[in-house]
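This briefing concerns the strands and the nonpolar core of one protein model. Please consult it alongside the sequence and the 3D structure.

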Amino acid sequence: MNSLSAAELARMRSTQISSLMDTCVVQRYSASANSYNELIPTWTDDASSSACGLDMRSGSERYGNKQVSVVYDASLRLPITVSVDVKDRIKITRRYGETLSAPLVYDIAGPVQRGPSGIRLLLRKLVL
């Protein structure tokens, strides 16, 4: 199998970014202990937003040799340069270029899927 050249990867990544019509903010996970030593989770918005592509079709996927099933409400494409952890959240602030009156907030439902041109996440909708 031939590996992709640097020019091919750059072209694929450029095409990926140009197809992302939504805007999102990664909310970074952190936790601190209260006076009872219970962990209290918090999510803090990144300082900058990122182009993304939200697909609001639900589904399920199976992983591993034990066939663990992951049910999700939506999937999201991100540029390869965005770093994401499975404990983070995703907040969609603009959809097709229009600012949302109430942002959509999602938990990451499955493992981060990294491809040659971008990142794909499976999301579970949060009701806040």
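Buried means under 20% relative accessible area, exposed over 50%, and partly exposed in between (1.4 Å probe, protein chains only). The model is predicted: local features need pLDDT of at least 70, side-chain atom pairs count only at pLDDT 80 or more, and totals for chains, interfaces and linings use all residues. Residues are numbered from 1 along each chain as its sequence is written, and side-chain values use heavy atoms, with hydrogens and water left out.

**Thr23**
- Thr23 counts as buried because its relative accessibility is 17%.
- Thr23 belongs to strand β1 (residues 22-33); strands (E, at least two residues) are DSSP runs numbered from the N terminus.
- Beyond its neighbours within four places in sequence, Thr23 has contacts (heavy atoms within 4.5 Å) that include Ser49, Cys52, Ile92 and Arg94.

**Strand β6 and its partners**
- Five of the six residues of β6 (residues 74-79) are buried.
- Strands pair if DSSP finds at least two bridges between them.
- β6 runs antiparallel to β3 (residues 50-55), with three bridges, and Asp55 stands opposite Ser75.
- β6 also pairs with β10 (residues 118-125) in the antiparallel sense over six bridges, where Arg77 has Arg120 as its bridge partner.

**Nonpolar core**
- A nonpolar core is a set of buried Ala, Val, Leu, Ile, Met, Phe, Trp, Tyr and Cys residues joined through side-chain atoms within 4.5 Å.
- The largest has 17 residues, and those with the most contacts inside it include Leu76, Ile90 and Leu121.
- At least two residues of this core come from each of β1, β3, β6, β7 (89-95), β8 (98-108) and β10.
- Setting aside residues up to four places away in sequence, Ile90 touches Leu76, Leu121 and Leu123, among others.

Technical notes
Helices (H or I, at least four residues) and strands (E, at least two) are DSSP runs, numbered from the N terminus.
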